[in-house]
2 protein chains.
Amino acid sequence: MRLADSFRSERFGAVRIHELQRVIELDSGSSEALRAVESQMVVVVPCMNETRSVIEGVLSGIPHDCLIVLVSNSDRQPVDRYEIEAQTVEQFCRLAGRSAITVHQRDPGVAAAVKAAGMPELIDDDGLVRAGKGEAMLLGMALAAMTGRQYIGYVDADNYVPGSVHEYCKAYAAGLAQADSPYAMVRISWHSKPKLRDGRLFFSRKGRSSQITNEWLNRFLAEYSGFGTEVIATGNAGEHAMTLALGLKLRIAGGFAVEPYEYMDLFEQFGGVLESTDPDVMASSVPVLQIETRNPHFHDNKGEEHVRGMRMQALNVLYHSPVTLPAVRQSILDFLIEQGALATGQEPPRERTYPPVGTLDLDLLYDALDAEALSFRQPDGLALTGRPPAPPIDRASIPRRVA
Amino acid sequence: MRLADSFRSERFGAVRIHELQRVIELDSGSSEALRAVESQMVVVVPCMNETRSVIEGVLSGIPHDCLIVLVSNSDRQPVDRYEIEAQTVEQFCRLAGRSAITVHQRDPGVAAAVKAAGMPELIDDDGLVRAGKGEAMLLGMALAAMTGRQYIGYVDADNYVPGSVHEYCKAYAAGLAQADSPYAMVRISWHSKPKLRDGRLFFSRKGRSSQITNEWLNRFLAEYSGFGTEVIATGNAGEHAMTLALGLKLRIAGGFAVEPYEYMDLFEQFGGVLESTDPDVMASSVPVLQIETRNPHFHDNKGEEHVRGMRMQALNVLYHSPVTLPAVRQSILDFLIEQGALATGQEPPRERTYPPVGTLDLDLLYDALDAEALSFRQPDGLALTGRPPAPPIDRASIPRRVA
């Protein structure tokens, strides 16, 4: 993949946000640099009730050298959809000579393992891991960390264009290779989203939720710098990747607050406003690359309610951040009241956030998953290709906790 | 790219049609075999009045090592759309460090060159190259032949998903590498086509025209073998590739008859029913690989009239082929009358066909294009990458005519 050069960036403490970069070629003819990243990358696919054929398509788009981790929150009654998903992954691994990890978010054994590893905050009143997307991503990151690989990327399972999944992964690899920093993040802005309008297809350039999230994140920056900016174009990016060295330090928000909160947590931890606990990161800077894909993003329409929810969660996160300046906080309040989302005198709710995955005891997590989580699988299709079987997680070399 | 194995094929003389093969992985992790093919492949893009952004997307999907040839039949009045297209290609070449060829089908200089090279059949009453799609593909093949490369693939310009263009090209390379024959062809069957139905999107598995074309081509085969078959799934495949050694021997039909006629011409020349003039091909066999893509095929809806036209042209070609058995000819007549496409006692019209591109004198073609065709361009973006400029066609080493 060939990316357009990025000449401009905006700095906020150690965080350096690069202007949106376009993809010039999907395949630039030299693949060595990308393969080096891909062979160290885990791609986490949060999945909820997608059809078998959609999942197959998504899997087919993930480059061979990436390790697939499917975290499911699909129904297990009346049909056990997770079993169908796990079989789909297993069959794919067999055909492609790959290995993967699958797990169900609401498996009681997973909850037990998470508790054992030291994050009881993740467990709800039913004694299970909470059902949100952020929680699925957190679990995926913990599994990724256990493999010892260096990078993690996320790809939503509700994607009808395998070629766009492929492009996301290539963009992750190209961005991470270009960033060349132990603490880098790559976030995707899709080129367009096909929508129905007056009975015909229309390729919309902006998402309903992203537009507002980005606008407020940019106001956050402008309030500090005194200069209006549009640099942030990926506030709600479901598709994003980062070095695990960075990921393991990030606090993760629950539900759909997860993506915008990544920006806010970068600003809180490494923005230089609050005292940083991490001189190493502060010394080396945190590049955030934003890449505009070539493919349209073509997924199921989750409805207006879902979009409103995403938008609100982003603003709640921004409102409550200790680094958001008072003027922006007041504007958010005014906006929410004007939108009818809040009564005068009310405050936006706080979104749930979790400690960094780096605080988990991964050895304990693995042992408990292995012993108790019936949904925890490591299908291995490598054996059939004549290579020695190699389960993705090697118990003997799980990295120590980092935080 | 990893393709599923193809275990079954049907033989018709030297032509061996392989069962549809699925794509398992878009990127299988080892790219050497594909790059070897891509660096010998010309990708011809027939183009008519597409927007700049759609063309940019298509170009971005063509792997770096392939040489792009754009053959335009776009309006030049009131706005010269070809100039915009040529600029788009030139800018892309500059950004990507590539070279390309562009030409306009209705350029009087192109007509003069075609006449000089020995194919006056291609010229219409206005003294210009005929306006059909088959004619654009023929021109593209002649240009491809002049480059001395070994493979040619076609990609339609009206494609909204750059990732699918990318997949087509990878499928060509994977198929041609797998076929490993001097006379091979790869034809694409798209996975699905998104359509509007009752105000929602529906992923249709079969094209309106393809279904009927394939059915009749299979009846053609079944009439010989006595066994019903569904082996042909790509009768109307606009997306296909082949070795130039094969392509230069094929007669090419005009308009939209071009794609089904490729099958018929294979059967006529190499089917063993008529005496072959080409013992070399007969001895080495002609594999036709059919590949089902992962991506949906997402293009502009050209309307019912266009589809009906394509269907009719396919049946006309089949009806008039000297190798179609009488029972099939009679059934086609009955079908066309039943459909109201033909009155009782009428015969289907004959589609126009041209001699093989291998009969052209390529030296004369090049010299006349160079001297007279104002639209003939060879943008070269290689120079900017520090490599020596290398126009795609080297006058001194244009291959001799082969037929």
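**The contact between chain B and chain A**

A: There are 8 salt bridges between chain B and chain A. This is a predicted model, and every value here is computed from it. One of the salt bridges can be named. The side chain of R294(B) pairs with that of E56(A), at 3.8 Å from N to O. The cut-off for such a pair is 4 Å.

Polar contacts come next. Across the interface of chain B and chain A, 21 residue pairs are in polar contact, with both residues at pLDDT 80 or more.

Which elements of chain B give two or more residues to the side that touches chain A? The helices are α1 (32-38), α2 (52-61), α3 (81-96) and α6 (162-179). The strands are β4 (21-25), β10 (193-197) and β11 (200-204). By residue class, that side of chain B has 15 nonpolar, 12 polar and 12 charged residues.

Now the extent. Chain B brings 39 residues to the contact, and chain A brings 40. The area buried between the two chains is about 3100 Å². Carbon and sulfur atoms give 59% of that area.

Turn to chain A as a whole. Chain A holds 13 helices and 15 strands. Its radius of gyration is 20 Å, close to the 22 Å from the globule rule for 403 residues, so chain A is as compact as a globular protein of that length. The C-alpha trace of chain A spans about 60 × 50 × 50 Å along its principal axes. Of the 403 residues in chain A, 60% are buried. Take the contacts in chain A between residues at least 6 apart in sequence: 75% of them join residues at least 24 apart.

Helix α4 of chain A, residues 108-117, shows part of that burial. Its buried residues are G109(A), V110(A), A111(A), A113(A), V114(A) and A117(A). Their cover includes β7 (100-104), α5 (133-147) and α13 (362-372) of chain A. Both ends of the helix have a detail to note. At the start of α4(A), a side-chain oxygen of D107(A) comes within 2.7 Å of the backbone nitrogen of G109(A). Just after α4(A), G118(A) has a positive phi of about 105 degrees.

Backbone geometry deserves a check in the loops too. Most peptide bonds are trans, and most residues other than glycine have a negative phi. Some places in this model depart from that.

Start with the cis bonds. In chain A, Q77(A) and P78(A) are joined by a cis peptide bond, with omega about -10 degrees. P78(A) lies in the loop between β6 (67-72) and α3 (81-96) of chain A. In chain B, a cis peptide bond links Q77(B) and P78(B), with omega about -10 degrees. P78(B) sits in the loop between β6 (67-72) and α3 of chain B.

Then the positive phi values. N49(A) is not a glycine, yet its phi is about 60 degrees. The loop that holds N49(A) runs between β5 (41-47) and α2 (52-61) of chain A. N49(A) is partly exposed, at 26% relative accessible area. For N49(B), also not a glycine, phi is positive at about 55 degrees. N49(B) is in the loop between β5 (41-47) and α2 of chain B. N49(B) counts as partly exposed, at 26% relative accessibility.

Technical notes
Residues numbered from 1 in each chain as written. Chains lettered and ligands numbered in written order. Predicted model: local features only at pLDDT ≥ 70, side-chain atom pairs only at ≥ 80, totals over all residues. Heavy atoms only, no water. Contact = heavy atoms within 4.5 Å. Buried area = accessible area lost by both parts, 1.4 Å probe. Polar contact = N/O pair within 3.5 Å; in protein donor to acceptor, adjacent residues only side chain to side chain. Helix = DSSP H or I, 4+ residues; strand = E, 2+ residues; numbered from the N terminus. Nonpolar A, V, L, I, M, F, W, Y, C, P; charged D, E, K, R; others polar. Rg over C-alpha atoms; globule rule 2.2 N^0.38 Å. Buried < 20%, exposed > 50% of the residue type's maximum accessible area, 1.4 Å probe, protein only.
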